[in-house]
Amino acid sequence: MLLKSQEHLSVLKVIIITALLIIFTSSLSVSTDVDDSLAYIWPLPAQFSSGNDTLSVDPALCLSVSGKGSGLKIVEEAFERYKAIIFEHEVEGVNSHSVFNNFRKRRSRGFDIGTLKIVVHSDNEELQLGVDESYTLLVAKNEGLSIIGEATIEANTVYGALRGLETFSQLCSFDYDTKSVLVYKAPWYIQDKPRFAFRGLLIDTSRHYLPVDVIEQIIESMSYAKLNVLHWHIIDEQSFPLEVPTYPNLWKGAYSKWERYTVEDAHEIVSPKGINVMAEVDVPGHAESWEETFNSFASNLNPRTVVHNWLGGGVCPKAVAKGFRCIYSNQGFWYLDHLDVPWDEVYTAEPLEGISDPSNQELVLGGEVCMWGETADTSDIQQTIWPRAAAAAERLWSRREAISTGNITLTALPRLHYFRCLLNRRGVQAAPVLNKLVQVYGSEAAFCMPTREEYVCSQQPGAVL
């Protein structure tokens, strides 16, 4: 009798698994294309146009830099980083005699893009609030007017060139059929600049220590979404992990002697990477004092004071009405440790809400999403930051008119799905945008059902499916 019951249970499990497989395949069948009308660039550029050509990119892509900034090392270093990203499927260190490379050379008929030309008009490398980050990007088919096909980035500063490099890298897609990098929907003509000067992310190393390499990974991932300020909340009442040579006893307040930052560590973190690292040292503690200072003592503040809106809505309108500059971080939407806030609420939170006067709007420097550290550590901080931080990043970079019209489920969500997949491909452990779990009770496993997001990961926008 027991044997029969076990047989029935096994049959039931087979039926359940078969049913799930049917659901799995049917879910794929309804999600077999990507909306070709969308531009899969995140954040959305200010102005752009595209066409119907598909261009190939030479894996030996060359860099040509001109203008006053042609001698700046930061451009060359960034190009090498992005080249490694774009051609991630190249076999590193394999020489020209490899079987794979010889095979590809035999079938290759030349490439449409062999050179990336970057023109930088200024040799000033100073990274400060309000630095010009605008750029123009042109990617067009070689019509025989030049021997080598070229994509061109033109920018006033190196930081505009870095933003243009990120956009160019997002246009490049690896095609698994031809095993080559392609640019779909060319020619591309993009004129881009940020909506706000301050586009920040806060990390908190006082509640949970983060190793230096993790912080550097976060800084690199920020550049993918064109965020430009890392607010490093180093110290609070819980721990003091930073070395201060003139007060050597202070970092005894770290959680342990292994969870500390030396002066050399701090120097490495704040070294130029195209992201402005704003280090905050609170003594004796944060104590919710900043915003309260404005609320209670606004008349006593220096006119150059910047009010940071942390705790709730309505603060930025009051601050700019009194002539102060303001940064928006409303905790109801932009505190990333609040896991119950979905992507769309992060996306639609508006720093200029309640501010209609153009002169007052100019006093809003931008905004900052906050990764407070009470509930996140090294093991899950990237999943908690991304992809919701990217939703805020587009709000801060892109034109309000372009991203606030229409149904964002149709205009923004597919692109955010794709950007999350891009982060994953680049080694960033970004969580799913929509995480749906279907459990089958009575069985021994919980099955995570595929979503449109997972299928989008495998598709190339603009490709013929």
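Residues are numbered from 1 along each chain as its sequence is written. In this predicted model, local features need pLDDT of at least 70, side-chain atom pairs count only at pLDDT 80 or more, totals for chains, interfaces and linings use all residues, and side-chain values use heavy atoms, with hydrogens and water left out.

Me: Why is Asn-330 called buried?
Reply: Buried means under 20% relative accessible area, exposed means over 50%, and partly exposed lies in between, with a 1.4 Å probe and protein chains only. Asn-330 has a relative accessible area of 8%, so Asn-330 is buried.

Me: What does Asn-330 touch, not counting residues up to four places away in sequence?
Reply: A contact means heavy atoms within 4.5 Å. Asn-330 touches Asn-309, Trp-310, Gly-312, Gly-313 and Tyr-335. Asn-330 itself is placed in the loop between β13 (325-328) and α9 (331-334). Helices (H or I, at least four residues) and strands (E, at least two) are DSSP runs, numbered from the N terminus.

Me: What makes Phe-48 and Trp-188 an aromatic pair, and why is the pair called tilted?
Reply: The structure holds 11 aromatic pairs. In one of them, Phe-48 and Trp-188 lie 6.4 Å centre to centre, with 35° between the planes. Rings of Phe, Tyr and Trp (its six-membered ring) pair if their centres lie within 6.5 Å; planes under 30 degrees apart count as stacked, over 60 as edge-to-face and the rest as tilted. The distance is therefore within the limit, and the angle makes the pair tilted.

Me: Which of these two residues is buried and which is partly exposed?
Reply: Trp-188 has 4% relative accessibility, so Trp-188 counts as buried. Phe-48 has a relative accessible area of 34%, so Phe-48 is partly exposed.

Me: How do you know that β9 and β10 pair?
Reply: Two strands pair if DSSP finds at least two bridges between them. Strand β9 (residues 198-204) is joined to β10 by 5 bridges, so the two strands pair, and they run parallel. Among the bridge partners are Leu-202 and, in β10, His-231.

Me: What makes the unit of β9, α5 and β10 right-handed?
Reply: A crossover is right-handed if, with the strands pointing away from the viewer, the path from the first strand over the helix to the second runs clockwise. β9, helix α5 (residues 212-224) and β10 make a right-handed β-α-β unit, so the path over α5 runs clockwise in that view.
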